[in-house]
Number of protein chains: 2
Amino acid sequence: MRIGELAARAGTTTRTLRYYESRGLLPARRGGNGYRTYDEADLKLLRQIRTLQDFGFDLEETRPFVECLRAGHPEGDSCPASLAVYRRKLAELDSLIGELQAVRAEIGVRLATVEEPTPLCELGGSEL
Amino acid sequence: MRIGELAARAGTTTRTLRYYESRGLLPARRGGNGYRTYDEADLKLLRQIRTLQDFGFDLEETRPFVECLRAGHPEGDSCPASLAVYRRKLAELDSLIGELQAVRAEIGVRLATVEEPTPLCELGGSEL
DNA sequence: GTAATCCTTGACGTCGGCGTCAGGGCAACA
DNA sequence: TGTTGCCCTGACGCCGACGTCAAGGATTAC
């Protein structure tokens with residue numbers, strides 16, 4: 001299949017596929033006319049990349065998974081390098097989620113502090 | 001005080017201050033020599049901006065807080081526009097945190113699936 | 001006096017993941 | 001034969017928040 005069909009079947013664009021190729025992530029064979037040619041295996045690789053991208057992995061992080069698939073494994077995450085990325089990502093996510101929750105809590109407090117009608121009973125009462 | 005001192009006192013750089021000025025966020029008076037001149041109030045504004053940036057607010061989102069301070073309020077978040085940003089940010093954070101937790105869970109499952117020695121008792125047993 | 005340190009403006013560079021032309025080739029169908 | 005529709009490469013654009021360099025003027029320290 002050619003680039004347009006692959007892009008359509010993976011729900012992406014030809015530009016994206018050329019970009020992946022330029023990054024060495026998804027090289028393509030070429031037909032006699034110079035057109036890129038892909039097969040079902042490429043579609044699988046591409047879907048793996050896209051799934052991880054949706055998870056927030058950057059392109060480089062998807063590389064071990066793609067190479068794992070190309071090495072013949074039925075799943076891209078059944079290789080040590082992929083697992084290492086998973087573990088690193090888990091740690092990153094835990095850290096990030098923690099930070100975001102801390103920020104969320106801080107904003108929640110500030111919002112409540114300003115929003116509340118400041119109950120008279122908590123003002124100390126002396127100014128009454 | 002001049003730009004270098006303000007930057008140092010706020011733990012940022014002169015480039016950042018010029019950038020904020022170019023965005024209309026932190027305008028500066030000028031001395032006879034053309035040098036930017038700042039006072040303690042500017043330091044307060046700058047610290048407000050930096051705090052919000054640390055929280056993950058983008059520059060435009062800090063504007064209401066800065067304007068609130070400049071309007072004379074002792075706190076940048078005691079104005080309706082600031083509260084609106086707070087509320088929007090809370091919703092964004094909740095949404096983002098939820099997505100990240102879902103991704104974290106998914107990765108956790110995949111990691112466990114591949115990592116586990118696949119207990120024999122869960123394989124169905126027929127192949128034994 | 002002069003060297004070191006500050007300040008000025010302007011403008012290009014960075015990062016990631018592409019979008020969007022521009023200019024041209026190849027193929028298939030009427 | 002022309003038109004439509006795919007494909008090609010190359011290259012600039014985008015976003016946000018600055019970093020960094022260049023070329024020069026002002027100030028300050030000695």
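Q: Which side chain meets A:Arg104 in a salt bridge?
A: The partner is B:Asp94, whose side chain meets that of A:Arg104 with 2.6 Å from N to O; please keep in mind that this is a predicted model, so every value here is computed from predicted coordinates.

Q: And how many salt bridges are there between chain A and chain B?
A: The count between the two chains is four, and the pair of A:Arg104 and B:Asp94 is a salt bridge of this kind. Looking at the side of chain A that touches chain B, its residues divide by class into 13 nonpolar, three polar and eight charged.

Q: How many residue pairs are in polar contact across that interface?
A: The rule finds two such pairs between chain A and chain B, both at pLDDT 80 or more.

Q: What area do the two chains bury between them?
A: Chain A and chain B bury about 2600 Å² between them, and 77% of that area is on carbon and sulfur atoms. On the side of chain A, the residues that lose the most area to chain B are A:Phe55, A:Arg104 and A:Ile107, which together account for 23% of what that side buries.

Q: Why give an area at all?
A: The size of an interface is often given as the accessible area that is lost when the parts come together.

Q: How many residues does each chain give to the contact?
A: Chain A gives 24 residues to the contact, and chain B gives 24 residues as well.

Q: Which parts of DNA strand D lie within 4 Å of the protein, sugar or phosphate or bases?
A: Of the atoms of DNA strand D within that distance, 70% belong to sugar or phosphate, while the rest belong to bases. For phosphate, a polar side-chain atom of B:Gln53 lies 2.7 Å from a phosphate oxygen, and an N or O atom in the side chain of B:Tyr20 is 2.9 Å from a phosphate oxygen. For a base, an N or O atom in the side chain of B:Tyr35 is 3.0 Å from a base nitrogen of DNA strand D.

Q: Which element gives the largest share of that surface?
A: The largest share of the surface near DNA strand D comes from α2(B), with four residues.

Q: What about DNA strand C, which residues are closest there?
A: Among the 19 residues that surround DNA strand C, the closest are A:Thr16, A:Gln53, B:Gly4, B:Arg18 and B:Arg36.

Q: Which side chains have polar atoms by a phosphate oxygen of DNA strand C?
A: They include A:Thr13, with an N or O atom at 2.9 Å, A:Tyr20, with a polar atom at 3.0 Å, and B:Arg30, with a polar atom at 3.1 Å.

Q: Last one, where is B:Glu116?
A: B:Glu116 lies in the segment after α5 of chain B, the helix that covers residues 80-115. It counts as partly exposed because its relative accessibility is 35%, and it is 48 residues from B:Cys68 in sequence and 55 Å from it in space, C-alpha to C-alpha.

Methods
Residues are numbered from 1 along each chain as its sequence is written. Chains are lettered from A and ligands numbered from 1 in the order in which they are written. Side-chain values use heavy atoms; hydrogens and water are left out. Contact means heavy atoms within 4.5 Å. Buried area is the accessible area (1.4 Å probe) that two parts lose on being put together, summed over both. A polar contact is a pair of N or O atoms within 3.5 Å; within protein, one must be able to donate a hydrogen and the other to accept it, and residues adjacent in sequence count only if both atoms are side-chain atoms. Ala, Val, Leu, Ile, Met, Phe, Trp, Tyr, Cys and Pro count as nonpolar, Asp, Glu, Lys and Arg as charged, and the others, Gly among them, as polar. A residue is near a molecule or strand if one of its heavy atoms lies within 4 Å of it. Helices (H or I, at least four residues) and strands (E, at least two) are DSSP runs, numbered from the N terminus. Buried means under 20% relative accessible area, exposed over 50%, partly exposed in between (1.4 Å probe, protein chains only).
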